[in-house]
Amino acid sequence: MLKNPLFIAIAAAVIALGTFVFVTDAPSYGGSAPETCANCHVMDSQYENWYHAPHEKWTECVDCHLPHENVVAYYLEKGRQGAKDVYAFTTGNIPVAIRASEKTKGIIQTNCIRCHESQVESIVMGAQPFDRYCWECHRNVSHGVRGASGAPFQDSSLYPVK
């Protein structure tokens, strides 16, 4: 049986995959612990600011940054964002100022409204146009004051206030 190259290849692949899963703690990336998001050291300042901000008591990263319409959309977006982060981290192509993409801004906005629906219902359904993101007025709520981190990525000169 050991002379079968296909068996040897499958056994080697299983051992390699098992080692990868054990060494990298890969199953944790399927969860929701904020510490897992902070594993990537470029997210240190975002994690630090969230940790000291009011939302830390009520939310985790995935509550705001992933869609919650259904489990398929949730895990597809989690995979997309994770692949994007792995690519940036592996290639070193990390933006100096990490910003939410337009897609991510839409997800965050939807989650703001989902969690605060009773508080913002009159604003969303009101006569005036609802054409602003929640964080344009409530910027410091989820990640604290900009520039409050010791990490250079939260430098207020890189994050000008609108």
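A residue counts as buried when its relative accessible area is under 20%. By that criterion W50 is buried, because its relative accessibility is 8%. The structure discussed here is a predicted model, with an average pLDDT of 82 across the protein and 86% of the residues scoring at least 70.

**W50 and T59**

- T59 lies in the loop that connects α3 (44–51) and α4 (61–65).
- With a relative accessible area of 11%, T59 is buried, as is W50 at 8% relative accessibility.
- The side chains of T59 and W50 make a polar contact at 3.4 Å.

- Five aromatic pairs are found when the whole structure is searched.
- One of them joins Y47 and W50, with 5.6 Å from centre to centre and 45° between the planes, and this pair is tilted.
- Y47 and W50 are three residues apart in helix α3, so about one helical turn separates them.
- Y47 is partly exposed, its relative accessible area being 22%, whereas W50 is buried.
- The pair of Y133 and W135 is stacked, because the ring centres are 4.5 Å apart and the planes stand at 10°; the cut-off for stacking is an angle under 30 degrees.
- Y133 is partly exposed at a relative accessible area of 24%, while W135 is buried at 17%.
- A single aromatic cluster is formed by Y47, W50 and Y51.
- In general, the distance of the centres and the angle of the planes describe a pair of aromatic rings.

**Confidence of the prediction**

- Confidence in the protein is highest in helix α6 (residues 102–115), at a mean of 94, and lowest in helix α8 (residues 139–143), at 78.
- Residues 151–156 have a pLDDT under 50 throughout, and the model gives this stretch 14 contacts beyond four places in sequence.
- The pLDDT is also below 50 over residues 158–162, a stretch with 14 contacts in the model beyond near neighbours in sequence.

Note on methods: Residues are numbered from 1 along each chain as its sequence is written. This is a predicted model: local features need pLDDT of at least 70, side-chain atom pairs count only at pLDDT 80 or more; totals for chains, interfaces and linings use all residues. Side-chain values use heavy atoms; hydrogens and water are left out. Helices (H or I, at least four residues) and strands (E, at least two) are DSSP runs, numbered from the N terminus. Buried means under 20% relative accessible area, exposed over 50%, partly exposed in between (1.4 Å probe, protein chains only). A polar contact is a pair of N or O atoms within 3.5 Å; within protein, one must be able to donate a hydrogen and the other to accept it, and residues adjacent in sequence count only if both atoms are side-chain atoms. Rings of Phe, Tyr and Trp (its six-membered ring) pair if their centres lie within 6.5 Å; planes under 30 degrees apart count as stacked, over 60 as edge-to-face and the rest as tilted. pLDDT is the predictor's confidence in each residue, from 0 to 100. Contact means heavy atoms within 4.5 Å.
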